[in-house]
Protein chains: 2
Amino acid sequence: MKIITISREFGSGGRELGKRLSDVLGFDYYDREIVTEIAKNCGLNETYVEQELGHFAWHTIPLTFKHSFSAYYAVQSAHTGLLLEQRKVIESIAKAGRDCVIVGRNADVILREYSPLNIFVCADAASKLQRCRERADKDEHLTDKQMARKIRSIDKNRAKLREMITDAKWGDRGNYHLIVNTTGWNIKQLTFAVAEYAVRWFERG
Amino acid sequence: MKIITISREFGSGGRELGKRLSDVLGFDYYDREIVTEIAKNCGLNETYVEQELGHFAWHTIPLTFKHSFSAYYAVQSAHTGLLLEQRKVIESIAKAGRDCVIVGRNADVILREYSPLNIFVCADAASKLQRCRERADKDEHLTDKQMARKIRSIDKNRAKLREMITDAKWGDRGNYHLIVNTTGWNIKQLTFAVAEYAVRWFERG
């Protein structure tokens, strides 16, 4: 079984690369599907689950609940519960034994024993801003400066979420097999380059 | 003209990858050749030039010359002179207009305007130690601990030398087009994967 995990900076095109990679290689693809599964298992709303999992709870909750420790702990433990459920869902994907691409959610750490190919995707600030602008709908009102701040804040959050489960830092070169900078690439063309690399990686030995 | 620059952690196999890449792609190869050229241009001994360029002068010299400012400045300016000569030699390689692979020496920064493909090569500590052990001759007497310390110290030095000419930090993902982790790879097999990636990179548009 071959597993590719994609970690990525927000706006780098990592998700698109992951999706296309799964198409080119004929692998299953998991991203949003994981949220759907968690929501189903827990009897919760998908949007709620997605929002909760996307935030680093310890950091954000005290702003709202600062005078109520019990509420704080309740929310904190709900968050931990969702993270545990997420781990279960990701492990069950691996146990199913089918070749797949998994985007985000620290699957590289969770599935370490399955020896996945771990790819990190980055891009320079200008390209990320441009990509976010192109797909912006609900963020249309943001200025470039605000959008750039949002990009940095989402990445910071991803790094913090990762810190909860491993010392191996988010985006550090030593923790991935390949780090791809998408700046100047058309993601479709890039997909072929990465797919060839991946095929050779799985054949190495 | 296509230029590939290889920056690398000591012991990661980056030099071998660069050499093999130049063979597979039919590119010229520059590494030690740069030192030879500098030595010739300056009328200096190659070993001396190599040693000088490999050290971050500001950092190391005061240990020897701590009581003599004039000697300190003399050596410091000799070091700067060699760095300038190195820059000239690297620029002349690019001006010659032939496809090439250049290993080390911050060629990625020096040749920025030529839009090279900048690759960084890393590996985990155990692989680097093993690779150094395999090729060790003069370092045979070092214990594993001492060798590991040597590896870290050489990389630290490379990072410092780079700081002299740019804010773009050594080994930071944003400053390279591709970061390749050689752990678990046979460098010969890896070469083909990187070569294919490089070909597509130069064809992208």
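Modeller: In chain A, 69% of the contacts between residues at least 6 apart in sequence join residues at least 24 apart. The model is a predicted one, in which local features need pLDDT of at least 70, side-chain atom pairs count only at pLDDT 80 or more, and totals for chains, interfaces and linings use all residues. Residues are numbered from 1 along each chain as its sequence is written, while chains are lettered from A and ligands numbered from 1 in the order in which they are written.

Biologist: What makes two residues a contact?

Modeller: Their C-beta atoms, placed from the backbone, must lie within 7 Å. By that criterion B:V194 is in contact with B:L17, B:L21 and B:V180, its neighbours within four places in sequence being left aside. Between the chains, the contact takes 23 residues from chain B and 23 residues from chain A.

Biologist: Which elements give two or more residues to the side of chain B that touches chain A?

Modeller: They are β4 (117–122), β5 (178–181) and α9 (187–203) of chain B, and α9(B) gives the most, with seven residues. Helices (H or I, at least four residues) and strands (E, at least two) are DSSP runs, numbered from the N terminus. Chain A has nine helices and five strands in these terms.

Biologist: Why are the two copies described as related by a two-fold rotation axis?

Modeller: Copies are superposed by least squares on the C-alpha atoms of residues with pLDDT of at least 70 in both. Chain B can be laid on chain A with an RMSD of 0.0 Å by a turn of 180 degrees and a shift of 0.0 Å along the axis. The two copies are therefore related as by a two-fold rotation axis. In chain B, the C-alpha nearest that axis belongs to B:I179, 2.4 Å from it.

Biologist: What makes β4(B) mostly covered?

Modeller: A residue is buried if 20 or more other C-beta atoms lie within 10 Å of its own, exposed if 12 or fewer, and partly exposed in between. Five of the six residues of β4(B) are buried. In chain A, 35% of the 205 residues count as buried.

Biologist: How do you know that the end-to-end distance of helix α1 of chain A agrees with expectation?

Modeller: The expected span is 1.5 Å times one less than the number of residues. For the twelve residues of α1 (residues 14–25) of chain A that gives 16 Å, and the end C-alpha atoms are 16 Å apart, so the two agree. Among the buried residues of α1(A) are A:L17 and A:L21.
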